[in-house]
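Good morning, and thank you for the time.

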Amino acid sequence: MKIDRVELRYLQVPLKAPFETSFGRFSVKDCIFVSVHSEGATGYAESVAFPAPYYNEETTETVWHVLERFLIPRLIGQELELPEEVSALLSPIRRNYMAISSLEGAVWDLYCKRKGISLAEALGGKKREIDVGVSIGIEPEVDMVLRNVERFVEQGYKRMKVKIKPGFDIRLLEAIRKRFGNELLLMADANSAYTLEQIDLLKQLDDYDLMMIEQPLAHDDIVDHAVLQKRLRTPICLDESIHTAEDARKAIELGSCRIMNIKIGRVGGLTNAKAIHDLCMRHDIPVWCGGMFELGVGRAHNIALSSLPNFTMPGDTSASDRYWTQDIVEPAVAFIRPGTLAVPSGHGIGYEINHKVLDRLTVRKSIF
Ligand SMILES: O=C(O)CCC(=O)c1ccccc1C(=O)O
Ligand SMILES: [Mg+2]
């Protein structure tokens, strides 16, 4: 397949309700929507970088810049046989994994549509349905989080992840366990809000039967996490610290985590995401798919990836209505049973684009 043309759109979409993490509060989703065209077929993907560099160093605008100046020019006119070739073609560009991923993902979708297969099938996924968890933000009051937990339990979500930060951790977990009991599948995500100096506090987390604690320490650390994991009964799950299969290998060798969160954008695309999945599987490290407030296209990529066998834990792959009043895909991503999503069998990502909604959300557009 020869890439004829790439279209970029800057989208802005209001969230149903603001979402707070230890590093900031979000009320609007910004992303770059990528369409890749080849001989009448089109592949789609969306970027996951945020408008400000608080989760990682990329921003929505750096994604656009790097795509326009460095990535798209390397791809246009290229004759590609397999989507795996994109990573190699773009490898001279250091980091900027979210930018790379948004182009690579669109090529995967395009490849699958031309071949007449689903994205899950192309990746080697066998699961036909996946279990779904939900991520719940920090609120001004513990009670407000309890109400959100209750709402998502009622909707059937199979695991609750609550965001924590110093001062909003033990009392939150205490209240959740008191109200919902020990059966609830519960985990906490700190987004790097702690240091090893707070080890006594972090050890108290062992009292709450958490499935895991996600990224307690620095975003760029795997050394202190290894020290912490030795002192904790609760498994550590790494998110921010893992960008490449090499990062994953080193974290496994050091014992920095017992579980890994894979986000396609954070690791530079589906090819790398699959490589990390395969590596973790060989080392008995279960993985699950993280989320970045994706719209339907990003969600569809996440669902396809989650069909791989070592995605054994519910991911942050919630239904469209978790965040959006109207999604850019048709049909919207919705449960087939409470807490369960079907892996689409249609070609590519398996969802159609609602172009009317897409146009309405587009604030800027360019064709290359
Ligand atoms: O529901 C989602 O999309 C996941 C939300 C989430 O947890 C998150 C949202 C923004 C930035 C980082 C994270 C994270 O997983 O750490
Ligand atoms: Mg996280």
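Predicted model: local features only at pLDDT ≥ 70, side-chain atom pairs only at ≥ 80, totals over all residues.

**Helix packing, aromatic rings and backbone details**

Helix H5 passes helix H6 in a right-handed crossing. The axes of H5, residues 142-155, and H6, residues 170-180, come within 10 Å and cross at roughly 45 degrees. With that angle, H5 and H6 are therefore oblique to each other. On the H5 side the contact is made by Val 142, Val 145, Leu 146, Val 149 and Glu 150. H6 contributes Arg 171, Leu 172, Ala 175, Ile 176, Arg 179 and Phe 180.

I turn to H1 and H3. The axes of H1 and of helix H3, residues 97-115, come within 9 Å, and the crossing angle is roughly 50 degrees. H1 and H3 are therefore also described as oblique to each other, and their crossing is right-handed. From H1, the contact involves Val 63, Val 66, Leu 67, Leu 71, Ile 72 and Leu 75. From H3, the residues are Met 98, Ala 99, Ile 100, Ser 102, Leu 103 and Val 107.

How do H9 and H10 run relative to each other, roughly parallel or roughly antiparallel? The axes of H9, residues 245-254, and H10, residues 270-282, come within 9 Å and cross at roughly 20 degrees. Angles under 35 degrees count as roughly parallel, and H9 and H10 are therefore roughly parallel to each other. The crossing of H9 and H10 is right-handed. Ala 245, Ala 248, Arg 249 and Ile 252 of H9 meet Ile 276, Leu 279 and Cys 280 of H10.

Next, the aromatic residues. The structure holds 13 aromatic pairs. One of them joins Phe 23 and Tyr 55, whose ring centres are 6.2 Å apart and whose planes stand at 50 degrees, so the pair is tilted. This pair links distant parts of the chain, 32 residues apart. Phe 23 is in the loop between strand E1 (5-21) and strand E2 (24-38), whereas Tyr 55 is in the loop between strand E3 (41-46) and helix H1 (60-75). Tyr 55 has a relative accessibility of 6% and therefore counts as buried, since buried means under 20%.

Phe 23 and Tyr 55 also belong to one aromatic cluster, together with Phe 19, Phe 26, Phe 50, Phe 293, Tyr 323 and Trp 324.

Two arginines deserve mention here. Arg 364 lies over the face of Trp 64, at 4.5 Å from the ring centre. Arg 151 lies over the face of Phe 152, at 4.6 Å from the ring centre.

I move on to the backbone. Which residues does a cis peptide bond join? They are Glu 330 and Pro 331, with omega at about -10 degrees. Pro 331 is found in the loop between strand E12 (329-330) and strand E13 (340-342).

There are also positive phi values to report. Ser 192, a residue other than glycine, has phi near 70 degrees. Ser 192 is in the loop between strand E7 (186-189) and helix H7 (199-204), and at 21% relative accessibility it counts as partly exposed. Asp 209 is not a glycine either, and has a positive phi of about 50 degrees. The position of Asp 209 is the loop between H7 and strand E8 (213-214). With a relative accessible area of 48%, Asp 209 is partly exposed.

Finally, two individual residues. Ser 35 is placed in strand E2 and, at 4% relative accessibility, counts as buried. Not counting residues up to four places away in sequence, Ser 35 touches Arg 5, Val 6, Glu 7, Thr 42, Gly 43 and Tyr 44. Ser 35 and Arg 9 are 26 residues apart in sequence, with 8.6 Å between their C-alpha atoms.

Ala 304 is in helix H11, residues 296-306. Is Ala 304 buried or exposed? At 5% relative accessibility, it counts as buried. Leaving aside neighbours within four places in sequence, Ala 304 is in contact with Leu 119, Ala 120 and Leu 123. Ala 304 and Phe 335 are 31 residues apart in sequence, and 15 Å apart in space from C-alpha to C-alpha.

I welcome your comments.

Methods:
Residues numbered from 1 in each chain as written. Chains lettered and ligands numbered in written order. Heavy atoms only, no water. Phe/Tyr/Trp six-rings, centres within 6.5 Å; stacked < 30°, edge-to-face > 60°. Helix = DSSP H or I, 4+ residues; strand = E, 2+ residues; numbered from the N terminus. Buried < 20%, exposed > 50% of the residue type's maximum accessible area, 1.4 Å probe, protein only. Lys NZ or Arg CZ within 6 Å of the ring centre and 35° of its normal. Axes fitted to C-alpha atoms, helices over the stretch in contact; angles between N-to-C directions. Parallel < 35°, antiparallel > 145°, perpendicular 65-115°, else oblique. Left-handed = near helix turned anticlockwise from the far one by under 90°. Contact = heavy atoms within 4.5 Å.
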